Amino acid sequence: MSDATPQPQKIKFYDRLKLATKHRLAEPILGLLCFLEASILPIFPEIMLAPMIIADRKRAWRLATICTVTSVLGGLAGYAVGYFLFDTVGRAIIAFYGAGDGFASLMQSFNDNGPLMILIGAISPIPYKVVTITSGVAGLDLWTFIFYGLVGRATRYFVPCGLFYFFGPAANHFIEKHKAIAGWALVALTIIGFAAAPLLFPKSGVAEVESVVEAIDHTLGDLTPEG
């Protein structure tokens, strides 16, 4: 007769995330993550947001609102860092994300195409703090910065929250079957977004940014009615 006792099953990374979402301070913590993501830190709030919605999809819209508002507030903090504290704080953050050497050209792109640059940064997974700090350094109109940041961040959070709301049960079924893949996919998105910063804001210039801006500008021109 074997006296071996069963070993406790190891909790998967995604299960740990789900447990964290049940904490009474989960929503304030999520808001704090969104604030810091927009201002200084290389984090990806969706790591916490996705499990929270899947756990209770009825709060999808509330969570999207929390993420949007706190992210815009964090963007204002990043703007302030660029406007008031660039030499002491902002320059080090920009350099950390690989955009230091070509910062003069980058700032010129913000002066020329500020609203589009804000939208690109607010919607994409690249570090948004690069956008917010540069906007402050460039001295973009504050209300323009707030408006386009709000549009971009609302798109960034309300679209996936809506998808999770309408397809939550199916998503939950898939994720429960592939917990390891789901958990590490969220981590991978963080790494990809971090790595994309030097590509979007290259050290040698901003040719890639300008090509994206030009394509978007051309598309918007096609959609605008004549006269």
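Predicted model: local features only at pLDDT ≥ 70, side-chain atom pairs only at ≥ 80, totals over all residues.

Visitor: Got it. Which ring pairs up with Y148, and how?

Guide: That would be F147: the two ring centres are 5.1 Å apart and the planes are at 90 degrees, so the pair is edge-to-face. F147 is partly exposed too, with a relative accessible area of 49%. For the terms, rings of Phe, Tyr and Trp (its six-membered ring) pair if their centres lie within 6.5 Å; planes under 30 degrees apart count as stacked, over 60 as edge-to-face and the rest as tilted.

Visitor: How many aromatic pairs turn up in the whole structure?

Guide: Six. One of them is Y79 with Y83, whose ring centres are 6.2 Å apart with planes at 10 degrees, so that pair is stacked. Y79 and Y83 are four residues apart in helix α4, which puts about one helical turn between them. In general, an α-helix has 3.6 residues a turn, so residues three or four places apart point the same way.

Visitor: Is Y79 buried or exposed?

Guide: Buried, with a relative accessible area of 9%. Y79 also forms one aromatic cluster with Y83, F84 and F145.

Visitor: Zooming out, how many helices and strands are there?

Guide: The chain has 10 helices and zero strands. Those are DSSP runs numbered from the N terminus: helices are H or I with at least four residues, strands are E with at least two.

Visitor: And how much of the chain is buried?

Guide: Buried residues make up 43% of the 227 residues. Helix α3 (residues 46–55) has nine of its 10 residues buried, so the rest of the structure largely encloses it. Among the buried ones in α3 are E46, P51 and I54.

Visitor: Which residues touch the most other members in the largest nonpolar core?

Guide: F110, I118, Y128 and I133, out of 18 residues in that core. Helices α4 (60–84), α5 (86–96), α6 (103–123) and α7 (128–138) each supply at least two of its residues. Another core lies apart from it, with 13 residues, including L30, M48, L49 and L63. A nonpolar core here is a set of buried Ala, Val, Leu, Ile, Met, Phe, Trp, Tyr and Cys residues joined through side-chain atoms within 4.5 Å.

Visitor: What is I118 in contact with, leaving aside its neighbours within four places in sequence?

Guide: Its contacts (heavy atoms within 4.5 Å) include Y128, V131, L140, F145 and Y148.

Visitor: Y128 again! Which charged end sits over its ring?

Guide: The one of R153, 4.2 Å from the ring centre. Elsewhere, R57 lies over the face of Y165, at 5.3 Å from the ring centre. The rule for a charge over a ring is NZ of Lys or CZ of Arg within 6 Å of the ring centre and within 35 degrees of the ring normal.

Visitor: How about E37, buried or exposed?

Guide: Buried, at 2% relative accessibility. E37 is found in helix α2, and past its neighbours within four places in sequence, its contacts include Y128, K129, R153 and R156.

Visitor: Where is E27?

Guide: In helix α2 as well, which covers residues 26–39. Beyond four places in sequence, E27 is in contact with M52, R59, R62, L63 and I66. E27 and I66 are 39 residues apart in sequence, yet 7.9 Å apart in space, C-alpha to C-alpha.

Visitor: Last one: which helix holds G82?

Guide: Helix α4. G82 is buried at 4% relative accessibility, and leaving aside neighbours within four places in sequence, G82 is in contact with I133, G136 and V137.

Terms used:
Residues numbered from 1 in each chain as written. Heavy atoms only, no water. Buried < 20%, exposed > 50% of the residue type's maximum accessible area, 1.4 Å probe, protein only.
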